[in-house]
Amino acid sequence: MNDGYAFITIVGLVAITVFTRSFFLVSEKEMVLPDWVKRGLRYAPLAALAAVVVPEIVMTKGQLITTWQDARLYAVAVSTAYFFWRGGILGTIVSGMAVLIPLKLVMGW
Amino acid sequence: MHSFRDTVRHPQFRAGARDMGTVSLGIAAWGLVTGVAMVKSGLSIPLALLMTFTVFAGSVQLAVIPLMMVAAPIWVIWATAVCINLRFVIFSAQWRPYFMRYPLRQRMLFGYVSGDLTYVMFMKRFPEPRDDEGQVEYFLGGSTTNWLAWQLPSVAGILLADVIPTHWGLGFAGVLALLGLTYSLLSDRATALAAVVAGAAAVAAFALPFRLHIVVAIAAAVCVGLMIDGGGDAGRRVLSALGRRRLQAVAGQATERAAA
């Protein structure tokens, strides 16, 4: 990869991180959001998470998976069961990975 | 704001650090994988280090690495990054009431270090902005943990790219961390339905360029949430449809009991 090209790209990406993350924090002016916008924004974090997570679980290379021989499905099933029985995110991660890694290494799923 | 020492010693700083600690394993696995991916794609080690320490946006980094590998036009890469980060524009509107009493440079620094997990954890704990609860100390505690849990493994991944096996599926730990967080945000039927709609919309719109499917999914879920919250006719019908099965079950039990 050309270093100059990569450098310019990275500098722009830094600007984008700063710009997007502090977008509404810059102006001092009073900002009144309409009530329906405030109510709607309650759903935004949950929606953003679901939108990132679900494709990572049920899609491969942009296609919906068509096989049951996919380690992710079983890892997610176990993680989900753990979360709703016991709660706690650390256990959710560990239980899922305990299913995923053997299925991947032993079964090749 | 008080001095650095006062901030670090504040009980809320520790609470924020502790809460973020529960997801740090997922953040760390994700950071490690991102570090490895940057170097494997042909980025030199100094540039990969520069990227992790300055860009500090995991999903953007993972998305643009393949584009940089094929020398895509720079404007396409930047457009992709803006779209992936659009959710932070939405989040920044919500940070506003919590941060506006600080000077501009500090506000922008707060914005810069706030990631997805910092945002979700914070809003779950402090739905209303107040200035007497140590909210900002909690934010800084969470952000510090988040930064360390991301950067240390990322640097390890960059330096050890050749010896870390990636076929184990380590990156999936990050997905599981996000999954657990998603579950912890489900509070009632309306939020559950919004999450299902967002997930389905994201899969359906996945083919859109620049990862715009995430924006489509947020828009769809917000619409459904507003429809239910608004108490309009359509929203009431959806709510009653969601409630009907339970009512039927209750009614069924009552009939059985009456029969017995």
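These legends walk through several close-up views of a two-chain predicted model.

Since the model is predicted, local features need pLDDT of at least 70 and side-chain atom pairs count only at pLDDT 80 or more, while totals for chains, interfaces and linings use all residues. Residues are numbered from 1 along each chain as its sequence is written, and chains are lettered from A and ligands numbered from 1 in the order in which they are written.

**View 1. Chain B as a whole.**
Here is chain B, with 14 helices and zero strands (helices are DSSP runs of H or I with at least four residues, strands are E runs of at least two, and both are numbered from the N terminus). Reading from the N terminus, its elements go α-α-α-α-α-α-α-α-α-α-α-α-α-α. Of the 260 residues in chain B, 46% count as buried (20 or more other C-beta atoms within 10 Å of a residue's own; 12 or fewer makes it exposed, anything in between partly exposed, with C-beta atoms placed from the backbone). Among contacts in chain B with a separation of 6 or more, 72% come from residues 24 or more positions apart (a contact means C-beta atoms, placed from the backbone, within 7 Å).

**View 2. Where chain A meets chain B.**
This contact takes 64 residues from chain A and 77 residues from chain B. On the side of chain A that touches chain B, the elements giving two or more residues are H1, helix H2 (35-41), helix H3 (44-58), helix H4 (71-85) and helix H5 (89-107) of chain A. By class, that side of chain A has 46 nonpolar, 11 polar and seven charged residues (Ala, Val, Leu, Ile, Met, Phe, Trp, Tyr, Cys and Pro are nonpolar, Asp, Glu, Lys and Arg are charged, and the others, Gly among them, are polar).

**View 3. Helix H1 of chain A and its buried side.**
Buried in H1(A) are A:Ala6, A:Thr9, A:Ile10, A:Leu13, A:Ile16, A:Thr17, A:Thr20 and A:Arg21. They cover an arc of only 120 degrees around the axis, so they sit on the same side of H1(A) (the arc is that of the directions from the helix axis to the C-beta atoms). An α-helix has 3.6 residues a turn, so residues three or four places apart point the same way. The buried residues of H1(A) pack against helix H4 (45-54), helix H5 (58-69), helix H6 (74-84), helix H7 (86-99) and helix H8 (104-113) of chain B.

**View 4. H1(A) crossing H8(B).**
H1(A) and H8(B) pack at an angle of about 110 degrees, and their axes are 8 Å apart (axes are lines fitted to C-alpha atoms, for helices over the stretch in contact, and angles run from 0 to 180 degrees between N-to-C directions). The two helices are therefore roughly perpendicular to each other (65 to 115 degrees; under 35 is roughly parallel, over 145 roughly antiparallel, and the rest oblique). A:Thr17, A:Val18 and A:Arg21 of H1(A) make the contact with B:Met108, B:Gly111 and B:Tyr112 of H8(B). By class, this contact has three nonpolar, two polar and one charged residues.

**View 5. Helix H9 of chain B, mostly covered.**
Seven of the 10 residues of helix H9 (residues 116-125) of chain B are buried. They are B:Asp116, B:Leu117, B:Thr118, B:Tyr119, B:Val120, B:Met121 and B:Phe122. These buried residues pack against H3 of chain A together with helix H2 (11-21), helix H3 (24-40), H7, H10 and H11 of chain B.

B:Ile65 is found in helix H5 of chain B and is buried, with 21 other C-beta atoms within 10 Å. Leaving aside neighbours within four places in sequence, B:Ile65 is in contact with B:Ala37, B:Met38 and B:Ser41. B:Phe56 lies in the loop between H4 and H5 of chain B and counts as buried, with 22 C-beta neighbours inside 10 Å. B:Phe56 also has a positive phi of about 50 degrees, although it is not a glycine.

A:Lys61 is found in the loop between strand S1 (59-60) and strand S2 (63-64) of chain A. A:Lys61 is exposed, with 5 other C-beta atoms within 10 Å, and has a positive phi of about 50 degrees although it is not a glycine. B:Asp162 is found in the loop between helix H10 (135-159) and helix H11 (172-185) of chain B, and is exposed, with 8 other C-beta atoms within 10 Å.

Methods. Two residues are in contact if their C-beta atoms, placed from the backbone, lie within 7 Å.
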